[in-house]
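Here is a short tour of one protein model. Look at the sequence and the structure first, then read on.

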Amino acid sequence: MPADAQDLRWLEAAARLAARGVPLSLPNPAVGAILVKEGRVVGRGWTQAGGRPHAEAVALAQAGAAARGATLYVTLEPCAHASARGPACADLTAAAGLARVVVGCADPDPRTAGAGLARLRESGTPADLANCPACAASLAGYLVRARHDRPHVTLKLALSLDGCIALASGESQWITSAPARAHTHAMRARADAILVGGGTFRADHPRLDVRLPGLEARSPERWLLTRGAAPQGWTALSDPQAIHDHPETQYLFVEGGAQAAAAFLTADLVDRLLVYRAPILIGGGKPGVADLGLASLAQAHHRWTLADRRPLGSDCLEVYERHRPT
């Protein structure tokens with residue numbers, strides 16, 4: 001039977017579980033799974049560090065015998081291809097005696113695409129594809145990588161009300177408040193790599209690490225947008241298109257400065273904007289984004305959709321998703 005509102009609620013819960021695997025699940029996608037029986041959760045799991053075990057395997061192991069007759073809600077179609085690292089989740093799931101499987105998102109991997117659902121149905125297990133937006137969002141890095149051969153790119157901007165990232169002198173510490181900066185560090189911890197431009201690197205000597213208690217080890221790789229060489233511990237990218245050359249990177253966080261932001265926006269490689277807006281006016285300061293080369297205002301409209309807005313201390317965070325008509 002097709003997915004209903006209750007199915008979508010369970011899938012959204014599975015998507016929140018999946019977030020715990022980002023970005024540690026590399027090279028695999030971060031998947032979430034929940035087993036529900038008679039309205040009660042009997043097992044749950046998410047992809048573990050290094051990509052194994054998969055979410056379905058964790059949830060089934062936790063449920064044990066209680067899995068029989070339960071419904072599995074999983075954010076991504078169970079894998080159907082053989083691997084030296086473990087059995088195919090479609091086979092594990094098919095053998096579990098489940099009453100039903102509800103999948104949030106089809107797997108674009110040609111080794112599984114459609115085959116995972118087909119194997120479940122062939123085994124006699126009813127399996128439905130829900131096309132759940134929350135599941136797709138939780139798999140953004142994996143899906144963008146599969147479809148466009150590049151990581152999902154988030155551009156972070158910390159701005160004054162009039163769109164500045166610094167005084168004219170270059171002073172920028174701090175535009176935003178401590179809660180906003182802590183949120184930025186939490187977002188860094190969810191990225192595989194973080195990038196700044198050469199100007200920001202030379203002016204600020206940024207560490208680009210995660211400085212939240214308990215998450216220090218989650219600091220991402222450091223990338224530098226430069227035509228020259230990168231210092232030790234950094235990876236040089238000659239231009240934004242070079243992100244295609246890093247096949248295992250699913251999430252890239254672009255943090256500064258104005259030229260780097262403009263370069264990625266002009267190349268249409270930004271999927272999400274995080275705009276931290278402080279309640280201050282600078283006037284005559286350094287703009288957050290350099291010239292984008294627009295020929296008319298019409299080119300600026302209908303590109304971004306507001307996805308979230310929330311206060312962070314005295315500041316406001318606005319999240320925008322790139323609108324790409326299909």
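The report below goes through helices, rings, an arginine, cysteines and some backbone details.

## Ground rules

This is a predicted model, where local features need pLDDT of at least 70, side-chain atom pairs count only at pLDDT 80 or more, and totals for chains, interfaces and linings use all residues. Residues are numbered from 1 along each chain as its sequence is written, and side-chain values use heavy atoms, with hydrogens and water left out.

Helices (H or I, at least four residues) and strands (E, at least two) are DSSP runs, numbered from the N terminus. Buried means under 20% relative accessible area, exposed means over 50%, and partly exposed lies in between (1.4 Å probe, protein chains only).

## Helix H1

Start with the length of H1. The helix has 14 residues, and at 1.5 Å a residue it should span 20 Å. The expected span is 1.5 Å times one less than the number of residues. The end C-alpha atoms are 20 Å apart, which agrees. Asp-4 caps the N-terminal end of H1. Its side-chain oxygen lies 3.1 Å from the backbone nitrogen of Gln-6.

Which residues of H1 are buried? They are Asp-7, Leu-11, Ala-13, Ala-14, Ala-15, Leu-17 and Ala-18. These buried residues pack against strands E1 (32–37), E2 (40–46), E3 and E4 (100–103), and against helix H5 (133–138). Contact here means heavy atoms within 4.5 Å.

## Aromatic pairs

A pair of aromatic rings is described by the distance of the centres and the angle of the planes. Rings of Phe, Tyr and Trp (its six-membered ring) pair if their centres lie within 6.5 Å; planes under 30 degrees apart count as stacked, over 60 as edge-to-face and the rest as tilted. By this rule there are two aromatic pairs.

Trp-10 and Tyr-73 are stacked, at 6.2 Å centre to centre with 25° between the planes. This pair links distant parts of the chain: Trp-10 is in helix H1 (residues 5–18) and Tyr-73 is in strand E3 (residues 71–74), 63 residues apart. Tyr-73 counts as buried because its relative accessibility is 4%. Phe-201 and Trp-234 are edge-to-face, at 4.9 Å centre to centre and 75° between the planes. They too link distant parts of the chain, with Phe-201 in helix H8 (residues 198–204) and Trp-234 in strand E10 (residues 234–237), 33 residues apart. Trp-234 has 12% relative accessibility, so it counts as buried.

## Arginines

Two arginines sit over rings. The charged end of Arg-20 is over the ring of Trp-46, 4.8 Å from its centre. Arg-181 lies over the face of Trp-174, 4.5 Å from the ring centre. A charge sits over a ring if NZ of Lys or CZ of Arg is within 6 Å of the ring centre and within 35 degrees of the ring normal.

Arg-188 lies in helix H7 (residues 178–188). Is Arg-188 buried or exposed? Arg-188 is buried, because its relative accessible area is 6%. A polar contact of 2.6 Å joins its side chain to that of Glu-255. A polar contact is a pair of N or O atoms within 3.5 Å; within protein, one must be able to donate a hydrogen and the other to accept it, and residues adjacent in sequence count only if both atoms are side-chain atoms. Leaving aside neighbours within four places in sequence, Arg-188 also touches other residues, including Ile-194, Leu-208, Asp-209 and Phe-253.

## Cysteines

How many disulfides does the structure hold? The count is zero. A disulfide is a pair of cysteine sulfur atoms within 2.5 Å. The sulfur of Cys-79 is 3.9 Å from the closest cysteine sulfur, in Cys-89, so the two are too far apart for a bond. Cys-79 is buried, with a relative accessible area of 6%. Cys-89 counts as buried at 1% relative accessibility.

## Backbone details

The loop between H1 and E1 holds Pro-23 and Pro-27. A cis peptide bond joins Val-22 and Pro-23, with omega about 0°. Another cis peptide bond joins Leu-26 and Pro-27, with omega about 10°.

Asp-149 has a positive phi near 60°, though it is not a glycine. Asp-149 lies in the loop between helix H6 (140–148) and strand E6 (152–159), and counts as partly exposed at 44% relative accessibility. Asp-268 lies in the loop between H9 and strand E12 (272–277). At 29% relative accessibility, Asp-268 counts as partly exposed.
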